[in-house]
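Please look through the model below. The report then takes up its core and its surface.

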Amino acid sequence: MVCGPDVHDLLDPVADFDGCDVHPNAQGHATLGTELADAVADLHACTEASSPGFDACAPVVDLLADGVPVGSSITVSPGVPVLFDINASDPNGIGFPVFAWLGGDSNVKVIWNFDGAAAVGLPLAVFNPTPTVTFELGPGGTTQTLNLSATVCDGSGKSTAVAFDVIVLTP
């Protein structure tokens with residue numbers, strides 16, 4: 001992980017130093033100043049031109065339900081399992097190796113809020129990037145709307161929340 005400009009690669013040993021001096025000359029200082037200013041700007045603004053090694057951008061997230069992109073809502077039948085999936089990109093993320101025991105150390109992790117629906121399978125389904133969820137109706141109900149969300153976090157603490165409605169409707 002790079003925490004700032006790599007001075008070893010950045011400065012030229014001949015052009016940016018005078019003789020055997022270990023301190024940069026005026027040109028070396030100008031080079032350092034420019035690179036530091038760019039690095040600080042990257043930390044405060046997410047741009048496609050961010051310097052490699054710096055992560056100022058939150059993950060870009062696409063949500064799928066049974067392989068189909070989810071918009072602001074989906075309609076499901078009661079008792080029918082729905083497989084959710086997250087496609088998230090975080091090109092500069094550093095991942096969460098400490099969470100490898102949850103199924104990998106990819107650059108992003110997901111935390112789901114099922115709004116009372118029942119997740120199938122894993123006891124920690126809220127951390128599963130591809131949970132299967134079953135939606136039920138209350139007694140005598142013919143329709144119900146649940147507010148689901150997924151928060152995708154990257155290794156540098158940036159996150160993106162995606163919220164959508166699940167309309168449970170008796171066919």
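The text below moves from the nonpolar core to one strand residue and then to a surface patch.

This is a predicted model. Its largest nonpolar core holds 25 residues. Phe84, Ile86, Trp112, Phe135, Leu148, Phe164 and Val166 touch the most other members. Strands β1, β3, β4, β5, β8 and β9 each supply at least two residues of this core. The largest share, four residues, comes from β8. In soluble globular proteins, nonpolar side chains tend to be buried together.

Val166 is one of those core residues. Beyond its neighbours within four places in sequence, Val166 is in contact with Ile74, Val76, Phe135, Gln144, Thr145, Leu146 and Leu148.

Ser149 sits in strand β8, residues 143-154. Is Ser149 buried or exposed? Ser149 has a relative accessible area of 19%, so it counts as buried; the cut-off is under 20%.

Ile111 belongs to strand β5, residues 108-113. Ile111 is partly exposed, because its relative accessibility of 40% falls between the 20% and 50% limits. Together with Leu124, Val126 and Phe127, Ile111 forms a nonpolar patch on the surface. The patch has about 300 Å² of accessible area together.

The two accessibility values are set out here.

| Residue | Relative accessible area | Class |
|---|---|---|
| Ser149 | 19% | buried |
| Ile111 | 40% | partly exposed |

Ser149 is buried, whereas Ile111 is partly exposed and contributes to the surface patch.

Key:
Residues are numbered from 1 along each chain as its sequence is written. This is a predicted model: local features need pLDDT of at least 70, side-chain atom pairs count only at pLDDT 80 or more; totals for chains, interfaces and linings use all residues. Side-chain values use heavy atoms; hydrogens and water are left out. Buried means under 20% relative accessible area, exposed over 50%, partly exposed in between (1.4 Å probe, protein chains only). Patches are made of residues with over 30% relative accessible area and no salt bridge: like charges are joined within 9 Å, nonpolar side chains (Val, Leu, Ile, Met, Phe, Trp, Tyr) within 5 Å. Accessible areas come from the Shrake-Rupley method with a 1.4 Å probe; for residues, only the protein chains shown count as cover. A salt bridge is a side-chain nitrogen of Lys or Arg within 4 Å of a carboxyl oxygen of Asp or Glu. A nonpolar core is a set of buried Ala, Val, Leu, Ile, Met, Phe, Trp, Tyr and Cys residues joined through side-chain atoms within 4.5 Å. Contact means heavy atoms within 4.5 Å.
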